[in-house]
Amino acid sequence: MSEIKTPQVSIAPLLLQLANPTTTFHSIPAIEVAAAVSLIFTNSISPVQAGCLLYALHSTQLDRRPDILAACANAMRDAAGQVDTEALKAAVHDKSKSLSQGSYKGGLVDIVGTGGDSHNTYNVSTTTSIIVSPLLLVAKHGNNASTSKSGSADLLLNTSPAPSLSACAPSTLPQIYPSSNYAFLYARSWHPGMRHAASVRRELPFRTIFNLLGPLSNPLQSTGLLSARVLGVAKRDMGPVFADALRLSGAHRALVVCGAEDLDELSCAGPTYCWRLQPSAEGTVVVPFTVTPEDLGLKRYPLATVAGGKSPAENAGILADLLDGKLDLDGPIATFVLINAAALLAISGVCDAEKAEDGGEVDGTVGPGGLRWREGVRRAKWCITSGRAREEWGRFVKVTQEVGGEST
């Protein structure tokens with residue numbers, strides 16, 4: 001039986017507009033661009049027109065317009081696998097109550113970067129998401145590597161024992177959170193429409209709007225459960241763009257970061273430029289500031305000490321050592337992780353609590369951006385040294401193997 005072909009739609013009028021030399025940066029409505037991009041997810045546009053569209057958005061830099069990024073990310077989420085929102089809310093309800101501290105009310109959090117910074121550093125975002133899971137409900141959105149050797153999914157699939165990432169699919173996710181504070185949303189499973197863009201993207205010699213949309217397209221945003229996130233960008237000039245795109249997408253509590261070395265993480269080597277989204281009487285506002293390792297009471301380390309382009313298996317070994325307490329917490333990789341973990345803990349609001357779950361003395365120091373960075377470091381260290389991060393990771397592995405039918 002021959003495959004049923006999807007009827008093709010022509011976007012020639014939009015392409016003509018994009019090619020017109022009189023077209024300005026703001027003359028094309030974001031909704032028109034998003035409508036065209038959405039056709040790629042349903043394979044309703046020819047590869048030639050899809051390639052032309054991606055090239056036109058890149059060459060005109062329209063893929064750097066916050067409203068276009070927000071509208072296209074929304075289209076990408078609409079095309080993603082849809083979770084039963086009520087079932088998911090019920091699944092996280094009890095966990096939310098038990099984890100509520102400070103201004104953190106138990107919502108889901110994420111930490112992700114755009115990639116493309118060419119530094120090939122250790123998988124710090126993914127490791128951070130695991131480290132903070134004793135204190136926060138995590139919905140880590142990630143995929144395989146595209147510009148580095150080890151992407152977030154590559155790292156997790158090389159752990160031993162490894163989780164069943166397919167068990168965090170839209171139909172099964174509500175079964176995960178009752179047993180685990182952690183979930184990994186494998187982009188390959190949640191965004192099946194992206195396969196239609198794969199062949200075109202492979203033939204284009206430049207990064208496209210899809211490289212920018214991934215961090216903005218956590219599929220759980222539409223559930224209203226995603227309460228805080230850290231998003232790293234590889235170029236400083238993209239920081240305000242992503243901050244505004246998040247604001248336009250309805251985010252109220254987020255931190256966009258860019259290491260001074262054009263790093264899509266908070267840097268362990270020097271300053272990091274930050275843009276904080278926070279609620280105000282006038283609505284969500286963006287507050288720019290700079291933070292350094294010294295602001296967190298931590299030592300600086302050159303990026304070379306957390307890089308090297310290691311394989312996923314090597315990085316999985318580092319993760320295991322960190323969770324098992326075998327990694328020096330004053331060393332470069334642990335410091336790199338602690339800086340990023342502190343950021344996620346601080347922006348979530350959990351560090352605003354006047355009492356700590358571990359019974360320790362809360363560090364009330366308010367640092368750059370009005371955040372309690374040092375308390376974030378203290379809590380991140382506790383997650384590791386108490387063994388709680390290892391326990392939470394074990395729960396995630398166990399429940400995904402059970403739901404995925406891989407338990408022995």
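This is a short chat about a predicted model of one protein chain.

Q: What is the chain built from, in helices and strands?
A: The chain of this predicted model has 15 helices and 7 strands.

Q: What does the C-alpha trace span along its principal axes?
A: About 65 × 50 × 45 Å.

Q: How much of the chain counts as buried?
A: 55% of the 408 residues.

Q: What about the accessible surface?
A: It comes to about 16500 Å². Carbon and sulfur atoms account for 52% of that.

Q: How many of the contacts join residues at least 24 apart?
A: 75%, counting contacts between residues at least 6 apart in sequence.

Q: Charges next. How far apart are the mean positions of the positive and negative ones?
A: They are 1 Å apart. The chain has 35 positive and 37 negative charges.

Q: On to the strands. Which strand does E3 pair with, and in what sense do they run?
A: E3 is joined to E2, residues 137-142, by 5 bridges. The two run parallel.

Q: How many residues of E3 are buried?
A: 5 of its 5, across residues 182-186.

Q: Which way do the E3 side chains point?
A: Tyr 182, Phe 184 and Tyr 186 point one way. Ala 183 and Leu 185 point the other way. All of these are buried.

Q: Which residues sit on each side of E2?
A: Leu 137, Ala 139 and His 141 are on one side. Val 138, Lys 140 and Gly 142 are on the other. Every one of these is buried, Lys 140 included. That covers both faces of E2, with 6 of its 6 residues buried.

Q: What about E1? Which strands does it pair with?
A: E1, residues 108-113, is joined to E2 by 2 bridges, and they run parallel. E1 also pairs with E4, residues 226-232, in the parallel sense over 6 bridges.

Q: How many E1 residues are buried?
A: 5 of the 6, so E1 is largely enclosed by the rest of the structure.

Q: Where does Thr 114 sit?
A: Thr 114 is in the loop between E1 and helix H6, which covers 124-131.

Q: Buried or exposed?
A: Thr 114 is buried, because its relative accessible area is 12% and the cut-off for buried is under 20%.

Q: What does Thr 114 touch, leaving out residues up to four places away in sequence?
A: Its contacts include Arg 207, Asn 211, Pro 215 and Asp 264. Leu 231, Gly 232, Val 233, Ala 234 and Phe 242 are also among them.

Q: What is phi for Asn 43?
A: About 60 degrees, a positive value although Asn 43 is not a glycine. Asn 43 is in the loop between helix H2 (30-41) and helix H3 (47-60). Its relative accessible area is 33%, which makes Asn 43 partly exposed.

Q: And Gln 61, what is its phi?
A: Near 65 degrees, positive in a residue other than glycine. Gln 61 is found in the loop between H3 and helix H4 (66-79). With a relative accessible area of 43%, Gln 61 is partly exposed.

Q: Last one. Where is Ser 386?
A: Ser 386 is in the loop between helix H14 (373-385) and helix H15 (388-403). It counts as partly exposed at 31% relative accessibility.

Q: How far is Ser 386 from Leu 15?
A: They are 57 Å apart in space, C-alpha to C-alpha, and 371 residues apart in sequence.

Key. Residues numbered from 1 in each chain as written. Predicted model: local features only at pLDDT ≥ 70, side-chain atom pairs only at ≥ 80, totals over all residues. Heavy atoms only, no water. Helix = DSSP H or I, 4+ residues; strand = E, 2+ residues; numbered from the N terminus. Buried < 20%, exposed > 50% of the residue type's maximum accessible area, 1.4 Å probe, protein only. Contact = heavy atoms within 4.5 Å. Areas by Shrake-Rupley, 256 points an atom, 1.4 Å probe, with all protein chains shown as cover. Lys, Arg positive; Asp, Glu negative; His and termini not counted. Charge placed at Lys NZ, Arg CZ, Asp CG, Glu CD. Pairing = 2+ DSSP bridges.
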